[in-house]
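Morning, everyone. I have one structure to walk through today. Please have a look at it on the screen.

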Amino acid sequence: MFDMVEEQSSLNKRSLAGELFSLLADVYTTSFRAQVCHWNVKGPEFHQFHAFFAMIYEDVYSSVDDIAENIRKIGFDAPTNLSDMCAATMIRDENMTSDPLDLTMA
């Protein structure tokens, strides 16, 4: 009986680690995309949008470490390569324009 409970606990932890990995990939990708917007914004409202995208990527990125540490806390390694992160994200990789209004819809 104890083995079944332990096995279920192990499966639950593996499932949770997988969900956290996907979350980490999405958060990391969101941070990266916001930083890309920050780097590439152009136009008469440059300063406003440049600051706006900086605020987003800094805020979003601040959660990356906590998510990775929670993966480690339940006994699994955090991601070790970018290709696994890219494969795990639900965010589509697409080119973006430098128009600030288009970037806010990306």
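Let's start with a cluster. Phe49, Phe52 and Phe53 are linked into a cluster by ring pairs. Keep in mind that this is a predicted model.

Phenylalanine 49 and phenylalanine 52 sit 3 residues apart in helix H2, about one turn of the helix. How exposed are they? Phenylalanine 49 has a relative accessible area of 10%, so that residue is buried, the cut-off being under 20%. Phenylalanine 52 comes out at 33%, which makes it partly exposed.

Now the count. The structure holds 5 aromatic pairs. One of them joins tyrosine 28 and tyrosine 61: the ring centres are 6.1 Å apart and the planes meet at 55°, so this pair is tilted. Where do the two partners sit? Tyrosine 28 is in helix H1, and tyrosine 61 is in helix H2, which covers residues 46-61. The pair therefore ties together parts 33 residues apart in sequence. Tyrosine 28 is partly exposed, at 34% relative accessible area. Tyrosine 61 is partly exposed too, at 44%.

Next, a serine. Serine 31 belongs to helix H1. Is serine 31 buried or exposed? Its relative accessibility is 4%, so serine 31 counts as buried. What does serine 31 touch, leaving out residues up to four places away in sequence? The answer is Tyr57, Val60 and Tyr61.

On to the largest pocket. The space in it is about 390 Å³. Its lining takes in 19 residues, and Thr29, Phe32, Arg33, Cys86 and Asp93 lie nearest the centre. Two elements give two or more residues to that lining: helix H1 (2-40) and helix H4 (82-88). H1 supplies the largest share, with 8 residues. By type, the lining has 10 nonpolar, 5 polar and 4 charged residues.

Last, the overall picture. The protein has 5 helices and 0 strands. Along the sequence the pattern reads α-α-α-α-α. Of its 106 residues, 27% count as buried. The protein exposes about 7,600 Å², with 56% of that supplied by carbon and sulfur atoms. And the contacts? Among those between residues at least 6 apart in sequence, 75% join residues at least 24 apart.

That's my tour. Over to you.

Conventions
Residues numbered from 1 in each chain as written. Predicted model: local features only at pLDDT ≥ 70, side-chain atom pairs only at ≥ 80, totals over all residues. Heavy atoms only, no water. 1 Å grid on protein atoms, 1.4 Å probe; cavity = no way out; pocket = protein on both sides within 12 Å on 5 of 7 lines; lining within 4 Å. Points joined across faces, edges and corners; volume = space filled by probe spheres on them. Helix = DSSP H or I, 4+ residues; strand = E, 2+ residues; numbered from the N terminus. Nonpolar A, V, L, I, M, F, W, Y, C, P; charged D, E, K, R; others polar. Buried < 20%, exposed > 50% of the residue type's maximum accessible area, 1.4 Å probe, protein only. Contact = heavy atoms within 4.5 Å. Areas by Shrake-Rupley, 256 points an atom, 1.4 Å probe, with all protein chains shown as cover. Phe/Tyr/Trp six-rings, centres within 6.5 Å; stacked < 30°, edge-to-face > 60°.
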